[in-house]
Amino acid sequence: MVSHEHNEPQEPQELTESPGVPNMYTVRLERQVIPLHSEDGIVQHKSAYYGAIQVGGLIPQSMNVVFDTGSGHLVIPSAICRSETCRAHQRYRRKASISA
């Protein structure tokens with residue numbers, strides 16, 4: 001069983017600059033909880049945090065992403081990636097952005 005604190009698909013929200021910190025933006029995160037079972041029957045829960053962002057300009061490209069809470073990195077799939085995994089997700093089109 002997978003539970004979500006918010007079950008509705010997210011629409012990208014306009015990012016707001018964090019007060020007093022230039023070039024830092026706030027993104028509303030949703031939490032997905034996944035139960036993990038061990039051989040002993042012990043249940044633990046793994047959490048994943050995701051949110052809607054917009055990347056690039058003049059016309060931003062919207063996508064839902066899973067955030068790696070263990071680092072400050074954000075990796076988004078590129079339109080040139082042709083793997084099955086990449087094709088299953090929204091991909092960033094660099095040529096569609098004037099800020100890339």
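Trainee: Where is Ile 76 found?
Mentor: Ile 76 is in the loop between E6 and H1. Those labels come from DSSP runs, numbered from the N terminus: helices are H or I with at least four residues, and strands are E with at least two. Bear in mind that this is a predicted model, where local features need pLDDT of at least 70, side-chain atom pairs count only at pLDDT 80 or more, and totals for chains, interfaces and linings use all residues. Residues are numbered from 1 along each chain as its sequence is written, and side-chain values use heavy atoms, with hydrogens and water left out.

Trainee: OK, and what does Ile 76 touch, not counting residues up to four places away in sequence?
Mentor: Val 55, Met 63, Val 65 and Tyr 92. Contact here means heavy atoms within 4.5 Å. For Met 63, which is 13 residues away along the chain, the C-alpha atoms of the pair are separated by 8.9 Å.

Trainee: Is Ile 76 buried or exposed, or partly exposed?
Mentor: Partly exposed, at 24% relative accessibility. Buried means under 20% relative accessible area, exposed means over 50%, and partly exposed is in between (1.4 Å probe, protein chains only).

Trainee: Which residues make up the largest nonpolar core?
Mentor: There are five: Ile 53, Val 55, Met 63, Val 65 and Tyr 92. Strand E5 (43-55) and strand E6 (61-67) each supply at least two residues of this core. A nonpolar core is a set of buried Ala, Val, Leu, Ile, Met, Phe, Trp, Tyr and Cys residues joined through side-chain atoms within 4.5 Å. As background, nonpolar side chains in soluble globular proteins tend to be buried together.

Trainee: What does Val 55 touch, leaving out residues up to four places away?
Mentor: Pro 60, Gln 61, Ile 76 and Tyr 92.

Trainee: Switching topic: which residues form the nonpolar patch on the surface?
Mentor: Leu 58, Ile 59 and Ile 98, with about 400 Å² of accessible area together. Ile 98 lies in the segment after helix H1 (84-87), and Ile 98 is exposed, with a relative accessible area of 67%. Patches are made of residues with over 30% relative accessible area and no salt bridge; like charges are joined within 9 Å, and nonpolar side chains (Val, Leu, Ile, Met, Phe, Trp, Tyr) within 5 Å. Accessible areas come from the Shrake-Rupley method with a 1.4 Å probe, and for residues only the protein chains shown count as cover.

Trainee: Where is Leu 58 found?
Mentor: In the loop between E5 and E6. The peptide bond from Gly 57 to Leu 58 is cis, with omega near -5°.

Trainee: And Ser 97, is that buried or exposed?
Mentor: Ser 97 counts as buried, at 9% relative accessibility. Ser 97 lies in the segment after H1, and the C-alpha atoms of Ser 97 and Leu 58 are separated by 6.2 Å, although the two are 39 residues apart along the chain. Leaving aside neighbours within four places in sequence, Ser 97 is in contact with Gly 56, Gly 57, Gln 61 and Tyr 92.

Trainee: What forms a salt bridge with Glu 30?
Mentor: Arg 28, and the closest N and O atoms are 3.0 Å apart. The rule asks for a side-chain nitrogen of Lys or Arg within 4 Å of a carboxyl oxygen of Asp or Glu, and by it the count comes to one salt bridge. Arg 28 is partly exposed at 42% relative accessibility, while Glu 30 is buried, with a relative accessible area of 5%.

Trainee: Zooming out, how do the elements run from the N terminus on?
Mentor: β-β-β-β-β-β-α, so to speak in symbols; that is one helix and six strands.

Trainee: What pLDDT does the chain average?
Mentor: The average is 80, and 79% of the residues score at least 70. pLDDT is the predictor's confidence in each residue, from 0 to 100. Over residues 1-9, pLDDT stays under 50.
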